[in-house]
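Here is a short report for a reader meeting this structure for the first time.

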Amino acid sequence: IIGTVLVSIVNYVMIYIARTMTPSVMIKSLIFIIIGGVVVAMVTNKDQQWWLFNMSFLGTPEAISSWKFNLTLMFSALLMIALIDYLFVFLYDVLGKSKQLIILKSILIMIAICLGGVGFFPYDDSVFNQVMHNRSAQYLVYLFLILIIAIRWLLSSLSKDFLKLSYFIAAGIVAMIYLFLGIGYLSLTVFQLICFVLSFSWLLLLLQHLVNIVMNR
């Protein structure tokens, strides 16, 4: 009887969520999960000097409850993939299934996969995990730059203000790369935090724009 009641409750909640789920709700959930998870990992970390290392330290065995940080990235990646796939089903109906949209969807999904890879391969004693972790983080930055630069050709409905903001953010990321790798002015933690805030903020604006296209069709 208890098992039947629990299964019934879970099924009711899942059906309710499925019926009330919208792209806007998914975006808000993505914001809550990724920001909330990272902040919790920062606050609950036993080493108060974690910022002297890098953000990836939050997902290493040396950090307390490192699974929170890693799970946040992996779950955010899954939510992003679901949101992207959901949006592009309607975008194909509205704008047509063009090569530009297919490329845009592919890049967005690769960004989500790289984000999940950062959490799936924690930086621990395993050389394989270290290599895959670093590559996932590097490809994440490269894909963001490629997407920001190419977005005007991939999505023609963008406003001039959005394009200017995109190029400004791209220039900011390039500047951070120079300050970190070029002259060593920034620490790894500061570099990661700034690039994360810039990239994630721009991605949310892009996703919201795609949602507006779908909702106003």
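## Helix packing

The axes of α4 and helix α5 (residues 127-154) come within 9 Å of each other and cross at roughly 155°. An angle over 145 degrees counts as roughly antiparallel, so α4 is roughly antiparallel to α5. From α4 come Gln100, Leu101, Ile103, Leu104, Ile107, Leu108, Met110, Ile111, Cys114, Leu115, Gly117 and Val118. From α5 come His133, Ser136, Ala137, Tyr139, Leu140, Leu143, Phe144, Ile146, Leu147, Ile151, Trp153 and Leu154. The crossing of α4 and α5 is left-handed.

This is a predicted model, not an experimental one.

Helix α5 also packs against helix α6 (residues 160-182). The angle is about 150°, with the axes 9 Å apart. These two helices are therefore roughly antiparallel to each other. On the α5 side, the contact is made by Val141, Leu145, Ile148, Ile149, Ile151 and Arg152. On the α6 side, the residues are Leu163, Ser166, Tyr167, Ile169, Ala170, Ile173, Val174 and Ile177. The crossing of α5 and α6 is left-handed.

A further partner of α5 is helix α7 (residues 188-215). The axes of α5 and α7 come within 11 Å and cross at roughly 45°. That angle makes α5 oblique to α7. Phe144, Leu147, Ile148 and Ile151 of α5 meet Ser199, Trp202, Leu203 and Leu206 of α7. The crossing of α5 and α7 is left-handed.

Ile151 is listed in the contact with α4, in the contact with α6 and in the contact with α7.

| Helix pair | Axis distance | Angle |
|---|---|---|
| α4 and α5 | within 9 Å | roughly 155° |
| α5 and α6 | 9 Å | about 150° |
| α5 and α7 | within 11 Å | roughly 45° |

## The whole chain

How many helices and strands does the chain have? The secondary structure comes to seven helices and zero strands. Read along the sequence, the pattern is α-α-α-α-α-α-α.

The chain has 217 residues, and 41% of them count as buried. Its accessible surface comes to about 12,400 Å². Carbon and sulfur atoms account for 70% of that surface. Now take the contacts between residues at least 6 apart in sequence. Of these, 67% join residues at least 24 apart.

## A salt bridge

Side chains of opposite charge can pair when their charged atoms come close. The count of salt bridges here comes to one. Asp85 forms a salt bridge with Lys105, and the closest N and O atoms are 3.2 Å apart. The pair links distant parts of the chain, 20 residues apart. Asp85 sits in helix α3 (residues 66-95), while Lys105 sits in helix α4 (residues 99-120).

Are the two partners buried or exposed? Asp85 has 39% relative accessibility, so it counts as partly exposed. Lys105 has 17% relative accessibility, so it counts as buried.

Ile81 lies in helix α3. It counts as partly exposed, at 29% relative accessibility. Which residues does Ile81 touch, not counting those up to four places away in sequence? They are Ala112 and Ile113. Ile81 and Ile109 are 28 residues apart in sequence, yet their C-alpha atoms are 5.8 Å apart in space.

Gly116 is found in helix α4. Its relative accessible area is 10%, so Gly116 is buried. Leaving aside neighbours within four places in sequence, Gly116 is in contact with Leu73, Met74 and Ala77.

At 67% relative accessibility, Lys99 counts as exposed. Its C-alpha atom is separated by 8.4 Å from that of Leu154, which is 55 residues apart along the chain.

Definitions and conventions
Residues are numbered from 1 along each chain as its sequence is written. This is a predicted model: local features need pLDDT of at least 70, side-chain atom pairs count only at pLDDT 80 or more; totals for chains, interfaces and linings use all residues. Side-chain values use heavy atoms; hydrogens and water are left out. Helices (H or I, at least four residues) and strands (E, at least two) are DSSP runs, numbered from the N terminus. Buried means under 20% relative accessible area, exposed over 50%, partly exposed in between (1.4 Å probe, protein chains only). Contact means heavy atoms within 4.5 Å. Accessible areas come from the Shrake-Rupley method with a 1.4 Å probe; for residues, only the protein chains shown count as cover. A salt bridge is a side-chain nitrogen of Lys or Arg within 4 Å of a carboxyl oxygen of Asp or Glu. Axes are lines fitted to C-alpha atoms, for helices over the stretch in contact, and angles run from 0 to 180 degrees between N-to-C directions. Angles under 35 degrees count as roughly parallel, over 145 as roughly antiparallel, 65 to 115 as roughly perpendicular and the rest as oblique. A crossing is left-handed if the near helix is turned anticlockwise from the far one by less than a right angle, and right-handed if clockwise.
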